[in-house]
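Hi,

Here is the structure I promised to pass on. Have a look, and then read on for what turned up in it.

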Amino acid sequence: MDIYERQVRVEAPLSEVWKFHATGDGLVALTPDWMNIRIEEERGPDGEPDPEELTAGSVVVSSIKPFGVPPRQRWVSNIVAREEGDDEAMFRDVMAEGPFPHWEHTHTFRALSDRETLVHDHVEFELPGGPLGRALGPFGCLGMEPMFRYRHQQTKELLEG
């Protein structure tokens, strides 16, 4: 399994950063336009549509069409863990269906002060393509860097304003 990690400091309280990342709207706001993301469905753990928060057991069904090149790729994410404390919070989503044989993304948020939060992304992934994809796995991080750089820039721009 290959691993990609990136973090950013955001001048905003943990509570605001956490709330922003707790919905599908946050996902859309942090995805570059060139990915052409569309949220198809959100379900809470009990199957309720469009929950206010994505808690453990929630499912997000989205589709992407990178650079407008068809077909749209379906991406189903299961929120498998979500924990919130006074100074730290985290959630983990696992791809149940999509372009990667394995994708597990842990989002960690830590209060550095009352006005500053550290956002850390940890992604365990496997590229498609069997043995070739596994051999090229370390280069997958190069492809993820622009996406996560954008996500972190947007997080700062939207929450520090």
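Searching the whole structure turns up nine salt bridges. Bear in mind that this is a predicted model. The general idea behind such pairs is simple: side chains of opposite charge can pair when their charged atoms come close.

One of the nine joins Arg9 to Glu116, with 3.8 Å between the closest N and O atoms. This pair ties together distant parts of the chain, since Arg9 is in strand S1 (residues 2-10) and Glu116 is in strand S7 (residues 116-126), 107 residues apart. Are the two partners buried, or are they partly exposed? Arg9 counts as partly exposed because its relative accessibility is 49%. Glu116 is partly exposed too, because its relative accessible area is 22%, and a residue has to be under 20% to be called buried.

Next, Arg38 and Glu40. Their closest N and O atoms are 2.9 Å apart, and they form a salt bridge. Arg38 has a relative accessible area of 43%, so it is partly exposed. Glu40 has 41% relative accessibility, so it also counts as partly exposed.

Then there is helix H3, which is worth a bit of your time. Arg149 and Glu145 both sit in this helix, four residues apart, or about one turn of the helix. They form a salt bridge in which the closest N and O atoms are 3.9 Å apart. Arg149 counts as partly exposed because its relative accessibility is 36%, and Glu145 is partly exposed because its relative accessible area is 25%.

H3 spans residues 130-160, and Leu136 lies in it. Together with Leu132, Phe139 and Leu142, Leu136 makes a nonpolar surface patch of about 450 Å². Why can Leu136 belong to a surface patch? Its relative accessible area is 41%, so Leu136 is partly exposed, and patch residues need over 30%.

The largest pocket has a volume of about 840 Å³. Its lining is made up of 36 residues, and those nearest its centre are Met35, Trp75, Trp103, Met147 and Arg151. Several elements give two or more residues to this lining: helix H2 (24-29), strands S3 (59-64), S4 (73-84), S5 (88-97) and S6 (102-113), and H3. Which of them gives the most? It is H3, with seven residues. Sorted by class, the lining of the largest pocket has 22 nonpolar residues, 12 polar ones and two charged ones.

As background, most residues other than glycine have a negative phi, and most peptide bonds are trans. Here are the places to check in your viewer:

- Asp50 is not a glycine, yet its phi is positive, near 50°. Asp50 is found in the loop between strand S2 (38-43) and S3. Its relative accessibility is 58%, so Asp50 counts as exposed.
- Phe67 is another residue that is not a glycine but has a positive phi, about 55°. Phe67 is in the loop between S3 and S4. It counts as exposed because its relative accessibility is 62%.
- The peptide bond from Pro70 to Pro71 is cis, with omega near 0°. Pro71 is found in the loop between S3 and S4.

One more residue from that stretch: Gly68 lies in the loop between S3 and S4. Gly68 has a relative accessible area of 34%, so it is partly exposed. Its C-alpha atom is separated by 19 Å from that of Arg151, a residue 83 positions away along the chain. Arg151 is the one you met above, among the residues nearest the centre of the largest pocket.

Cheers

How values were computed. Residues numbered from 1 in each chain as written. Predicted model: local features only at pLDDT ≥ 70, side-chain atom pairs only at ≥ 80, totals over all residues. Heavy atoms only, no water. Patch = residues over 30% accessible without salt bridge, like charges linked within 9 Å, V, L, I, M, F, W, Y side chains within 5 Å. Areas by Shrake-Rupley, 256 points an atom, 1.4 Å probe, with all protein chains shown as cover. Salt bridge = Lys/Arg side-chain N within 4 Å of Asp/Glu carboxyl O. Buried < 20%, exposed > 50% of the residue type's maximum accessible area, 1.4 Å probe, protein only. 1 Å grid on protein atoms, 1.4 Å probe; cavity = no way out; pocket = protein on both sides within 12 Å on 5 of 7 lines; lining within 4 Å. Points joined across faces, edges and corners; volume = space filled by probe spheres on them. Nonpolar A, V, L, I, M, F, W, Y, C, P; charged D, E, K, R; others polar.
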